[in-house]
Amino acid sequence: MDREVAPDYIKTTRNRRWLFIALGIILTVTLLYFFRKSLGSTLESSRIRTGTVEKGNVENTLTASGEVIPAYEQIFTSPIRASIKRILLTPGTQVNPGQAIVELDKSLTVIESERYEDQLKLKQNSIEQLRMKLNKDLYDAEINDRIKSLNINKLRADFEDAKRLQKVGGGTAEDITRAENALKIAELEKKQLENDLKYNRESMGASLKETELGAQIESKNLKELQHKLRMADIVADRKGVLTWVNENIGSSVNEGEMLAKVADLGSFRVEGSCSDIYADQVKAGLSVIIRLNEVTLRGVITQVKPAVKDGVIGFVIQLDNAKSESLRPNMKVEVYVVTSSSSNTVRVANGPAFTGKKKQFVYVLKDNKALRREVETGLSNFDFVEIKSGLEVGEKVILTDLNDYEHLEEISIQ
């Protein structure tokens, strides 16, 4: 038969258990604290990078990307529908002004040009025929008008004679009426003839003008085709390098299809692009820093493209040194657009220690110890960070990321 355990014994056992648990937690926390402190309070000097606080200029920049392109690139397109007859130069060849690049088969266009010439001659011949007919019709109408005038004068004289004869008793009233009616009819016929003459003159003039306009159109078409024939001689008009050519000999090319590219590889510019969230900051006239490998170049934005495509805005950069030997066509470069700057301010080299916050902690190296210090930052770019407060000129700042040690006020440097 089991005996009931005494309440005092149960209470003592429970208290002892809670005491052991509390002591275990305190011991664990203490060991972890001292272990972390023993590990984190010392740092090898080879693991850190430092920068010296100095006076200088700091430019605030936004990051973009860019591509190097020739400052001048001429694209040759076919002005006519033709076929490629011969390739006279290969890509990479130095091209001089007046040097032919591609020869096109222009025979079909020449035949069309001759057809236009024949059509123009027909139009011009029609104009001459129409002008001759117009002159003849006008001459005949004028002669008829003169004859009608003479006939009216005769009928007017007959009317006057009839009136005189009646007065002397040699004529009747019917003779006077007959002569008067004949005169009125002749006068009306003359008015009708004059009206027809005016209409024919205007109508024939309009027909002649229409034919002349048709001839002018044919003449312009012929001149346009002849101009295209001259342009079909694919010839360089300035010095450069042939960067691309359509080498498909015998293939047909349509009007406007690209045939060759000639670029001036002695001078370059950069086409930059960045996110459209910076659209209100990127403006023409802003300075730009371009980095390619270890080379840094400067330039200025000359044009901001108005259209936004896929959330990206584009802009054109004119380089201060457009003939740098480091530049190559289609090279990808880093672009930093300078949006603001501070002159002769306190600055330090940028590094992982700076997180972009206006106020943060950094470590200052002094007597083999890193001392935590709160600083206030200002403008920043790829190279430097402006220090508004917290650091003095000449002090050394650890630029390496020390987030794992941010709980420490002081770190020993070995």
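Visitor: What does E224 form with K228?

Guide: E224 forms a salt bridge with K228, and the closest N and O atoms of the pair are 3.7 Å apart. The term stands for a side-chain nitrogen of Lys or Arg within 4 Å of a carboxyl oxygen of Asp or Glu. The model is predicted: local features need pLDDT of at least 70 and side-chain atom pairs count only at pLDDT 80 or more, while totals for chains, interfaces and linings use all residues. Residues are numbered from 1 along each chain as its sequence is written, and side-chain values use heavy atoms, with hydrogens and water left out.

Visitor: Why are E224 and K228 separated by about one helical turn?

Guide: Because E224 and K228 are four residues apart in helix α3 (residues 173-231). Helices (H or I, at least four residues) and strands (E, at least two) are DSSP runs, numbered from the N terminus.

Visitor: Is K228 buried or exposed?

Guide: Buried means under 20% relative accessible area, exposed over 50%, and partly exposed in between (1.4 Å probe, protein chains only). K228 is buried, at a relative accessible area of 19%, whereas E224 is partly exposed at 44%.

Visitor: Which UniProt annotation covers residues 176-203?

Guide: An unreviewed UniProt entry gives residues 176-203 the annotation "coiled-coil region". UniProt positions follow the numbering used here, feature names are shortened, and annotations may be inferred rather than shown by experiment. In the model, residues 176-203 are 100% helix and 0% strand, and the end C-alpha atoms of this stretch are 40 Å apart.

Visitor: How many salt bridges does the structure hold?

Guide: The structure holds 16 salt bridges. In one of them, the side chains of R86 and E103 meet at 2.8 Å, N to O. R86 is in strand β5 (residues 82-87) and E103 in strand β7 (residues 100-105), so this pair ties together parts that are 17 residues apart in sequence. R86 counts as partly exposed at 47% relative accessibility, and E103 is partly exposed with a relative accessible area of 24%.

Visitor: Where does R373 lie, and where E395?

Guide: The side chains of R373 and E395 also meet in a salt bridge, at 3.2 Å from N to O. R373 belongs to strand β18 (residues 369-380) and E395 to the loop between β19 (384-389) and β20 (396-398), so the pair ties together parts that are 22 residues apart in sequence. R373 is partly exposed, with a relative accessible area of 26%. Elsewhere, salt bridges that share partners join K85, R86 and E103 into one network.

Visitor: What order do the strands of the open sheet have?

Guide: Strands of a sheet pair through backbone hydrogen bonds, either parallel or antiparallel. Two strands count as paired if DSSP finds at least two bridges between them. The open sheet here has four strands in the order β4-β11-β9-β6, with antiparallel pairing. Its edge strands, β4 (73-77) and β6 (94-95), each pair on one side only. Strands β9 (residues 240-245) and β11 (residues 258-263) are joined by four bridges, and L242 stands opposite V262 in β11.

Visitor: How many residues lie between β13 and β14 in their hairpin?

Guide: Two residues lie between β13 and β14, and N293 in the turn has a positive phi of about 55°. Six bridges join these antiparallel strands, with G299 in β14 as the bridge partner of V288. β14 and β15 form a hairpin with two residues between them as well, and there D310 has the positive phi, about 55°. Seven bridges join β14 to β15, again antiparallel, and K309 stands opposite V312 in β15.

Visitor: Which residues of the largest nonpolar core touch the most other members?

Guide: A nonpolar core is a set of buried Ala, Val, Leu, Ile, Met, Phe, Trp, Tyr and Cys residues joined through side-chain atoms within 4.5 Å. The largest core has 23 residues, and I290, I301, F315, I317, V333 and V335 touch the most other members. At least two residues come from each of β3 (54-70), β12 (268-275), β13 (287-292), β14 (295-309), β15 (312-319) and β16 (332-349). β15 supplies the largest share, four residues. Another core lies apart from this one and has 18 residues, including I84, L89, V95 and L104.
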